[in-house]
Amino acid sequence: MNIHESAENYLEAILALGERGPVRSIDVAQYLNFSKPSVSRAMSLLREGGFVVVDEGGFLGLTAEGLEIAQRIYERHLLLTRWLIHLGVSEDVAAQDACRIEHDLSVESFDALREHINRDLGIE
């Protein structure tokens, strides 16, 4: 399913933050440097779309569909960031550029890049 870049960013943030522990909307707001009302509205839309669930304690979780999208974007982000750093780009710039690139690549192009990057970095 195609969703907007902003929704992908929210899903990716929930996944990344979830690796550290339970995730609340305020955590997403701080992580993305967005206002709490903006994140609350986005979470409402993502819940309605079937990508996010909220438990009784207010903690966010990803549905199977939300998780699939988040994992795809997060994999792209991590791989592209690592590659750009390997090429000599500073960590901050690499992460920012990876965030821009990760949303616009086709599956075909990313698969080819992943194969090339993994070979270049000696990862198989």
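Helices (H or I, at least four residues) and strands (E, at least two) are DSSP runs, numbered from the N terminus.

**Entry 1: ground rules**

I am looking at a predicted model, in which local features need pLDDT of at least 70, side-chain atom pairs count only at pLDDT 80 or more, and totals for chains, interfaces and linings use all residues. Residues are numbered from 1 along each chain as its sequence is written, and side-chain values use heavy atoms, with hydrogens and water left out.

**Entry 2: the whole chain**

I read along the sequence and noted the pattern α-α-α-β-β-α-α-α. That comes to six helices and two strands.

Next I looked up the overall size. The C-alpha atoms fill a box of roughly 45 × 30 × 25 Å along the principal axes.

I then asked how much of the chain is buried (under 20% relative accessible area; exposed is over 50%, partly exposed in between; 1.4 Å probe, protein chains only). Buried residues make up 39% of the 124 residues.

For contacts, I used heavy atoms within 4.5 Å. Among contacts between residues at least 6 apart in sequence, 56% join residues at least 24 apart.

I also counted charges, with Lys and Arg as positive and Asp and Glu as negative, leaving out His and the chain ends. The chain has 11 positive and 21 negative side chains, and the centres of the two sets lie 4 Å apart. Each charge is placed at NZ of Lys, CZ of Arg, CG of Asp or CD of Glu.

Which residues of H2 are buried? I found Ser25, Asp27, Val28, Ala29 and Leu32. The buried residues of H2 pack against H1, H3 and S2.

Asparagine 33 comes after H2, in the loop between H2 and H3. Most residues other than glycine have a negative phi. Asparagine 33 is not a glycine, yet its phi is positive, about 60°. I checked its cover too: asparagine 33 counts as exposed because its relative accessibility is 69%.

**Entry 3: H3**

Helix H3 covers residues 36-48, which is 13 residues. From its first C-alpha to its last it reaches 18 Å, close to the 18 Å expected at 1.5 Å a residue. The expected span is 1.5 Å times one less than the number of residues.

The buried residues of H3 are Val39, Ala42, Met43, Ser44 and Leu46. They pack against helices H1 (5-18) and H2 (25-32), and against strands S1 (52-54) and S2 (60-62). Just after H3, glycine 50 has a positive phi of about 85°.

Histidine 77 lies in helix H4 (residues 64-86). Is histidine 77 buried or exposed? It is buried, because its relative accessible area is 15%. Leaving out residues up to four places away in sequence, histidine 77 touches Glu12, Ala95, Ala98, Cys99 and Glu102.

Leucine 80 is found in helix H4 as well. Its relative accessible area is 3%, so leucine 80 counts as buried. With the neighbours up to four places away left out again, I listed its contacts as Ala98, Ile101, Glu102, Leu105, Leu113 and Ile117. I also looked up a distance: the C-alpha atoms of leucine 80 and phenylalanine 51 are separated by 25 Å, and the two residues are 29 residues apart along the chain.
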